[in-house]
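Biologist: I am new to this structure and would like to learn how to read it. Could you take me through it feature by feature?

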Amino acid sequence: MTALSIPSNLAAVLASFTVYGLIHRYGAGPKPSPARLGVVTKATSTLHSTLTTVLAVYFLRRCRAQWAETSSVGAADPSVKYGATAGGLHPGGYPDDSKNPLLQTRSTLGNAITAVECGYLLQDTISLLREARLRHRLVQPSSKSTLRSVLQYADNTLLFHHISIASALLVLHYYIHRDRDRGIYIIVQFLLMNSSTPILNLRWWLRTYHPGNKILRLGPDIAFIAAFYMARVWLVGWIIRGYGKSHGYDSAWRVYLEGMRLPCQLGTGALWIANTTWWALLVMSVVKRFPQELVSVRKAMDIPIK
C-alpha cells in the first residue's frame, strides 16, 4: 500500500492552518462567547501580520543582498542590466523578463512565507464564520443557523478579502508544486500590506472597549490613515515603479501603461482602485467625526475651546 505523499509546499500551508487553528482553539476555549472569540481573532491577526511583515522584510533584503553579490556590475539591483535596450520586447509586445530576477527568483523561504499567509487566511475565515454563527445564536437562539443567516452577522468585506487572497495563494502553490511558479519576490512585496493591520486592530480594540475615550480613539484613527495609505495605496505604486526600473522606465504610470501585460494591469489596477477607495472612505469618516472628537479631547484635557 502506497503511503499518502503531500507536497512540501502544501504541507506548509496545512501546518500553518493547523497552528493557527490551535491558537484559536486554546485561546478562545471550547465554548467561547462571540466577544471572546472576536478578541482572540484580532489578537491572532495582530500576531500574524507582525510575523509576516518581519519575514517579508527579511526575505526582500536578503534577495537584494544576494543580487548585489552576484551582479557583474555591482549594482544593488542587477535587473537594470536587463533594460529595454538589452532585453528588448517579448514577442507578445511587453518587456522580456526571462532574465529579470524580480520575476525569475525562486525561493523556499518566499514560498514558506506565502504558505503561512495562506494557512492563516483559511483558518481565520473559519474563525470569522464561527464568530458570526455565535452572534446569530445569541440574537436568534430559536432560529436555525444557515449560511445565509450567519452571513448577516459576519464582516463580509473581510470574508471576501480572505477567500479571494487565499484562493490566489492556493493557485500559486499549485504552480509551485508543478515547478511553474514565477514572481515570488513581487508576491512577497505585496504581503507588506499586512503592516497596517496591527494599527487597524488597535483601533478596533479602542472603539469596542473604550468607546467613550476620544483621546485614545483620535490618535489611532490618524495613525491608521497614514499606515493604510503607505501599506496599501503607495505600496502598489512602489512595486510597479520598482519593476519598471528593471526595464528603464522612469515612472510607475508609464510602466503600468506601456510595460505590463493586460492581466497584470487589470489586477494591480483593481487592487489600487479598491484600496484607494477604501482609504478615501476612511479619511472621510474620520474627517466627519474630527470636530466633535477634537472638542471632546479639549474638554478632557481642560483646554479652552474658542
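Modeller: Below, we go from the overall fold to ring pairs, salt bridges and one backbone angle.

Modeller: A word on the ground rules before we start. This is a predicted model, so local features need pLDDT of at least 70 and side-chain atom pairs count only at pLDDT 80 or more, while totals for chains, interfaces and linings use all residues. Residues are numbered from 1 along each chain as its sequence is written, and side-chain values use heavy atoms, with hydrogens and water left out.

Biologist: Thanks! How many helices and strands does the protein chain have?

Modeller: Helices (H or I, at least four residues) and strands (E, at least two) are DSSP runs, numbered from the N terminus. Here the protein chain has 12 helices and zero strands. Read from the N terminus on, the elements run α-α-α-α-α-α-α-α-α-α-α-α.

Biologist: What share of the residues counts as buried?

Modeller: A residue is buried under 20% relative accessible area, exposed over 50% and partly exposed in between, using a 1.4 Å probe and protein chains only. In this chain of 306 residues, 39% count as buried. For the accessible surface, areas come from the Shrake-Rupley method with a 1.4 Å probe, and for residues only the protein chains shown count as cover. The surface of the protein chain comes to about 17400 Å², with 65% of it belonging to carbon and sulfur atoms.

Biologist: And what share of the contacts comes from residues 24 or more positions apart?

Modeller: A contact means heavy atoms within 4.5 Å. Among contacts in the protein chain with a separation of 6 or more, residues 24 or more positions apart account for 72%.

Biologist: Let us turn to the rings. How many aromatic pairs are there?

Modeller: Rings of Phe, Tyr and Trp (its six-membered ring) pair if their centres lie within 6.5 Å; planes under 30 degrees apart count as stacked, over 60 as edge-to-face and the rest as tilted. A search of the whole structure finds 11 aromatic pairs. One of them joins Trp 67 and Tyr 185, a tilted pair at 4.9 Å centre to centre with 45° between the planes. This pair links distant parts of the chain, with Trp 67 in helix H2 (residues 34-70) and Tyr 185 in helix H8 (residues 184-190), 118 residues apart. Trp 67 counts as buried at 8% relative accessibility, and Tyr 185 counts as buried at 2%.

Biologist: Which pair is edge-to-face?

Modeller: Phe 224 and Phe 228 form an edge-to-face pair, 5.7 Å centre to centre and 70° between the planes. They are four residues apart in helix H10 (residues 214-245), so about one helical turn separates them. Phe 224 is buried at 5% relative accessible area, and Phe 228 is buried at 2%. Ring pairs can also build up a cluster, as they do for Phe 59, Trp 67 and Tyr 185.

Biologist: Now the charged side chains. How many salt bridges are counted?

Modeller: A salt bridge is a side-chain nitrogen of Lys or Arg within 4 Å of a carboxyl oxygen of Asp or Glu. By this rule the count comes to seven. One of them joins Glu 131 and Arg 135, whose closest N and O atoms are 3.0 Å apart. These two are four residues apart in helix H5 (residues 108-139), so about one helical turn lies between them. Glu 131 is buried at 14% relative accessible area, whereas Arg 135 is partly exposed at 31%.

Biologist: Which parts does the bridge of Arg 207 and Asp 221 tie together?

Modeller: Arg 207 and Asp 221 have their closest N and O atoms 3.1 Å apart. Arg 207 lies in helix H9 (residues 197-209) and Asp 221 in helix H10, so the bridge ties together parts 14 residues apart in sequence. Arg 207 is partly exposed at 27% relative accessibility, and Asp 221 is buried at 1%.

Biologist: Which residues are linked in a network of salt bridges?

Modeller: That network links Arg 106, Asp 179 and Asp 181. Asp 179 also has a phi near 60°, a positive value in a residue other than glycine. Asp 179 sits in the loop between helix H7 (156-177) and H8, and is exposed, with a relative accessible area of 52%.
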